[in-house]
Structures are given as structure tokens and as C-alpha cells.
Amino acid sequence: MNAPLKAIDGQGKAKLEATMRDIGRDARLAARALALAPAAQKNRALAAMAKAIRGSQAAILAANREDLAAAKAGGATAAFLDRLTLDTGRIEAMAEGLDVIRKLKDPVGTVLASWRRPNGMRIERVRVPLGVVGVIYESRPNVTADAGALCLKAGNAAILRGGSEGFRSTQAIHAAMVAGLLDAGLPAAAISLVPTRDRAAVGMMLAGLDGALDVIVPRGGKDLVARVQMEARVPVFAHLEGVCHVYVDGKAKLPMAKAIVLNAKMRRTGVCGAAETLLVDRAAAKMLKPLIAMLIEAGCEIRGDATVQAADSRVKPASEADWSTEYLDAIITAGVVDGVDAAIDHIERYGSHHTDAIVTQDKTAAEKFLREVDSAIVLHNASTQFADGGEFGFGAEIGIATGRLHARGPVGVEQLTSFKYRIRGSGQTRP
């Protein structure tokens, strides 16, 4: 087992700049090696990583306990602590995610299309790695394993900058990842971890590390994503906040609606796929009171419009800002709308194009919702908490991309590739 990465906090700006330049240079060299690494070698590394994570459980949990203690002392919210917390189940889920990624088909070298030109040239469009991927994330130590493994499988080097609150946990997980790389004969710099809490390191990554970075993936709160989008000088896979909706249609069945709404909001309130707004069709008014009562009894605060407030005196009035708020907590905004068209209009106005769901037995309404809601993930009769790469069969994800370029939805192995053209000729020249 490798020793944890040595932190460089407090050693000055010059030391930090030199360290970040070295990380970028080494990652670029590692990316060249990974682009040519056979699938079997990458898979050996992933298997060794999963084994190392399982074998390092005690060290990872000990590091996480220190992070949690510091976060609690700093007044962190319950939702924040949930995202930061690791336990034996979550560590095993990390290892299982690596096993799933290992079993995925290697995308590198896949021929996407091929054709022959009239002059006899044969043209192929082929998947290739992106190169060096920078991942900046907050308070989720498991992203260290997810992002590192996905980048590796796609033939990319990764430079990871985890949140300062999870610094110890991230270091412990990274040590296991590096052990797996070395066991398979791959360079340790294939998955690099920024060894400092200093936020200046983020600025250096956004500037591109002297051309070493090819793309940046931010995974965190609204402020982090906004900073990355504003300052980055390299392409960004945007993961905007998850203002996710569940719309209960007039032809929904109450038992199904209750199960989906409760799961979408309360399974884990601190994840980006948690529902933040409940919309109920006016034609389903009889369902409103039991849905509201169910959520309140489960410990959820509800902020509603006048109709929702009238249904239950415990509902607080919703402000205009509430309709577009990602709470990441046991709070939901609720309102009544006049049918599926009004629900779609509401989501377009207040949503974040992340994940939205309709509950209904009306196939026409469902297809309209699926077709017209402009979000990365749209569901019919299923919880928004399925907004997760693991649930898509990707093994894991780096994030949910809410933009429209290159990648959208869960960013998995295929989304971490680009393509190039290979042309085979027989002496052709252009007239």
C-alpha cells in the first residue's frame, strides 16, 4: 500500500505553482501512455484498485472520521455531512463501481462509422481519449474513485481536486487507486491528486496548467460551478444545480405517486437528483392532501402556493426564489398546476435542465412530458433519484452534465472520449 500523498499546505505560492506544473506535466506524459494501453492492462489496474479499496477500508474510515469531526466542529449541515460520510456500505459501493467499470467495453479504438469515397479512400471515425481531465469536486470523497476509474477506462489521465472538507478521506482513497495503477504497471500520474486545500490550486487548474488540461468537470454547488464556467480557459462539462421536479398528473395512481414522491425527495436529500419541487395537477386535487401529509410526517418541510397551504396548515408560504432553489435538504416547494402543459411551462421557467419526472397512467401525457421537457434526464413513473451513472449501468459517473455540447446526462466512459478520423489511401492526390 502506498503512503498517503504528502500535503503541501502552507509552503508558499512558489512551491504550489511548481507542484501544480509538475502535476500537469506528469499527467500529460501519463495520458500518452494510457492512450496506448491495452484494455487488459487497464482492467488489471481497475481490479487491483477495487481490491486495494476493500483492503484499505479501516484507513479510509479512520480518515473520514477525522474529516467528519472537523466538519461538525465547523457547523456543517446535516445534508453536507451526509455527502461527506463514508461507511462500510459506501466503501463497498465504490469498489463494486470499479468492478462494473472494469467489465464495460473499452471504448478506445471503437470505429463509429466508416465509408469509402469515390476516389477509393477509406475513412473511419474512431473513438479516442480526451487526454487529461481535471475534476474539481466538493465534499464527496467517493468521486475520487469514480472519476479516476472512469477516466482510466477511457484512456485519460485525471487530475483530481477534492473538497477541503474531505481532504483526508480523499487522500486515503487516492492511495488505494495509485496502488492499483502501479500493480498493473501503469504510471502513478495517471490519477493525480492535488495535494493542498489552497484554493489557488483551483485557479491554476482553470487556467489549464500550461496547456496540460484538455477539459474540466466541476462537481459541486452552484458557486463552484459558476466560478468554473466563468474562469475556465479550457472546455467545461457543466454540472449545474439539480432543481428537479416531480409532476403528479391527474391520471396518476396515488400509491405509486406516494412511493415515487417520497423516494425522490427523502431517500437522500443531499444528492443532485433529489426532488426539490412537487407539482400536482389540479385534476388530481384529491391526491394533494395525502402527498403533503406523507412528506411532513417523513420530516420534510413544505413551502407551497395558496392551494397547497389550504390543504395543510403546516405548509409554509413559498417565495418566488423557492421555486428555483436547490435545497439539498429535507425541504420541498409544492404547487398546483393546470395539467401537463402548465407543468412543462413551470419546469422550463424554474428548472435547471437536470432531472424531471412525471407520474401518470396516461401514456399520451407521459410521451408529451418526455418529449417536451428539455432536461438531461426525463422519467416516467420513476424516482428522480435514478439520476446516477451507476443506475444507468455506467458503473459510476463524474457528474450529470446539464449543457448541450458533447456530453449530456451522466458523464461515463463513452462521454470521456472524443474521436478522430483515420484515412487509408493508395496514393491519391487532390486535383
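In which strand is L112 found? L112 is found in strand β1. The model is predicted, with local features needing pLDDT of at least 70 and side-chain atom pairs counting only at pLDDT 80 or more, while totals for chains, interfaces and linings use all residues. Residues are numbered from 1 along each chain as its sequence is written, and side-chain values use heavy atoms, with hydrogens and water left out.

**View 1. A nonpolar surface patch that includes L112.** L112, W115, F419, Y421 and I423 make a nonpolar patch of about 470 Å². Patches are made of residues with over 30% relative accessible area and no salt bridge, with nonpolar side chains (Val, Leu, Ile, Met, Phe, Trp, Tyr) joined within 5 Å and like charges within 9 Å. Areas come from the Shrake-Rupley method with a 1.4 Å probe, and for residues only the protein chains shown count as cover. Strands β1 (111-116) and β16 each supply at least two residues, and β16 gives the most, with 3 residues. Strands (E, at least two residues) and helices (H or I, at least four) are DSSP runs numbered from the N terminus. L112 counts as partly exposed because its relative accessibility is 36%; buried means under 20% relative accessible area, exposed over 50%, and partly exposed in between (1.4 Å probe, protein chains only).

**View 2. The rings of W323 and Y350.** The structure holds 5 aromatic pairs. In one of them, the ring centres of W323 and Y350 are 6.4 Å apart and the planes are at 40°, so the pair is tilted. Rings of Phe, Tyr and Trp (its six-membered ring) pair if their centres lie within 6.5 Å; planes under 30 degrees apart count as stacked, over 60 as edge-to-face and the rest as tilted. W323 is in the loop between β10 (316-317) and β11 (331-337), and Y350 is in helix α13 (residues 339-350), 27 residues apart. Both W323 and Y350 are buried.

**View 3. An aromatic cluster of W115, F419 and Y421.** F419 and Y421 form an edge-to-face pair, 5.7 Å centre to centre with 85° between the planes. F419 is partly exposed, with a relative accessible area of 41%, and Y421 is partly exposed at 43%. R125 lies over the face of F419, at 5.6 Å from the ring centre. A charge sits over a ring if NZ of Lys or CZ of Arg is within 6 Å of the ring centre and within 35 degrees of the ring normal.

**View 4. The salt bridge of D67 and R168.** The side chains of D67 and R168 meet at 2.8 Å, N to O. D67 lies in helix α3 (residues 57-73) and R168 in helix α7 (residues 167-183), so the pair ties together parts 101 residues apart in sequence. D67 is buried, with a relative accessible area of 1%, whereas R168 is partly exposed at 29%. A salt bridge is a side-chain nitrogen of Lys or Arg within 4 Å of a carboxyl oxygen of Asp or Glu. A search of the whole structure finds 29 salt bridges.

**View 5. The salt bridge of E414 and R127.** The closest N and O atoms of E414 and R127 are 3.5 Å apart. E414 lies in the loop between β15 (409-410) and β16 (417-424) and R127 in strand β2 (residues 122-129), so the pair ties together parts 287 residues apart in sequence. E414 is partly exposed at 46% relative accessibility, and R127 is buried at 17%.
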